[in-house]
Amino acid sequence: MLFSVIIPCYKSACTIRQVVEMTSVELDKLNKKPYQFILIDDKSPDDGETIGELRRLANDYSYIKVVELAQNAGQHNAVMAGLNVAEGDVIIAMDDDMQTHPSQLPKMFDAFDNGHDIVYGYYEDKKQTGFRNFGSWVNHTSVRILIGKPKNIKTSSFWIIKKFVRDYVIQYSGTYTHLQGLFLRTSSDIISIPVEHFERAYGSSGYTFKKLVGLWSNIMGYSIVPLRIARNAGLILSLFSILGAIAVILKKLLAPTSAVGWYSMMVAICFFSGLIMLFLGLIGEYLGRLYMGMTNNPQYVIRNIYTGEKK
């Protein structure tokens, strides 16, 4: 049985060697071998420092394969590149910054060895900013509402899956990858266990507010709930407008001299116009993503794959 470890790398020249070496030590202790590491450079903007360190690692260890992307694809698409290259019967995903710490792998495998298809590690105490914690809560709530994630399942970028899950997931060819959505489509035998979240060993998160919003919006590709919300909201507002029209007519009949409310009319026009534009934009987003899929916009572009012989 082969174990594949997928690590997307972004400006991680100072940490990735430690992550790889500590992870290999833990896998040896757990007797989870043979193993391979798939390290994906997501076009790190650091003048080649990250890809240089990854290539040195590939030369130092024969079990490392380096995938260099031609342009930044985002974490989920970078992981998809790794899933397509990985050959393992069991696939593990980790981060490159030591926050998904190798020392937590025994806890993960304790659950996985019980036969579950997907095991997530989640953090009860996250070592990140309040803003990121709030963003995580929004994402968790959105995924639960939009794609039906069970309340007891908590997710992160630290997970272990079986090969058949990987084989199904890589069939997805759309541009807007959301791994949680794909996993939930594949199996209901999912478990999440608490693991310790460590401080970032070096640097800061590469996620800006714009990138976080972009990643969150990918959920739309796995749910039609927003369209149903728009439909129901339109129905409710239509009913209210009918009731409002009846009230205006009755008022005019009962008090013919009453003045027509110009300001209230303008407020109503602005409100409903804004609502219409919002829903048109929502529908346009779906159509735009459909169009991008029809034009075969790639999830990622691989520039090179590097392997090396152990010295």
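1. The side chains of Gln180 and Thr155 are joined by a polar contact of 3.0 Å. The model in which this pair is found is a predicted one. Gln180 belongs to helix α7. Gln180 counts as buried because its relative accessibility is 11%, and the cut-off for that class is under 20%.

2. Helix α7 spans residues 179-186 and is mostly covered, with six of its eight residues buried.

3. Asn152 is found in the loop that runs between α5 (130-147) and β6 (159-162). Is Asn152 buried or exposed? Asn152 counts as exposed because its relative accessibility is 58%, where the class requires over 50%. The C-alpha atom of Asn152 is separated by 9.9 Å from that of Ile190, and the two residues are 38 residues apart along the chain.

4. Charged pairs form the next topic. Side chains of opposite charge can pair when their charged atoms come close. The structure holds ten salt bridges. One of the salt bridges brings together the side chains of Asp113 and Lys32, at 3.0 Å from N to O. This pair links distant parts of the chain, as Asp113 and Lys32 are 81 residues apart. Asp113 sits in the loop between α4 (105-112) and β5 (118-123), whereas Lys32 sits in the loop between α1 (16-29) and β2 (35-41).

5. The two partners of that bridge fall into separate accessibility classes. Lys32 has a relative accessible area of 12% and is therefore buried. Asp113, at 48% relative accessibility, counts as partly exposed; a residue must be over 50% to be classed as exposed.

6. Arg166 counts as buried because its relative accessibility is 11%.

7. A further group of charged residues should be noted. Arg17, Glu21, Glu53, Arg56 and Asp60 are linked in a network of salt bridges.

8. The chain as a whole may be summarised as follows. Its secondary structure comes to ten helices and eight strands. Of the 311 residues in the protein chain, 42% are buried. Among contacts with a separation of 6 or more, 85% are made by residues 24 or more positions apart. The protein chain exposes about 16,600 Å², and carbon and sulfur atoms supply 61% of that area.

Note on methods: Residues numbered from 1 in each chain as written. Predicted model: local features only at pLDDT ≥ 70, side-chain atom pairs only at ≥ 80, totals over all residues. Heavy atoms only, no water. Buried < 20%, exposed > 50% of the residue type's maximum accessible area, 1.4 Å probe, protein only. Helix = DSSP H or I, 4+ residues; strand = E, 2+ residues; numbered from the N terminus. Contact = heavy atoms within 4.5 Å. Areas by Shrake-Rupley, 256 points an atom, 1.4 Å probe, with all protein chains shown as cover. Salt bridge = Lys/Arg side-chain N within 4 Å of Asp/Glu carboxyl O. Polar contact = N/O pair within 3.5 Å; in protein donor to acceptor, adjacent residues only side chain to side chain.
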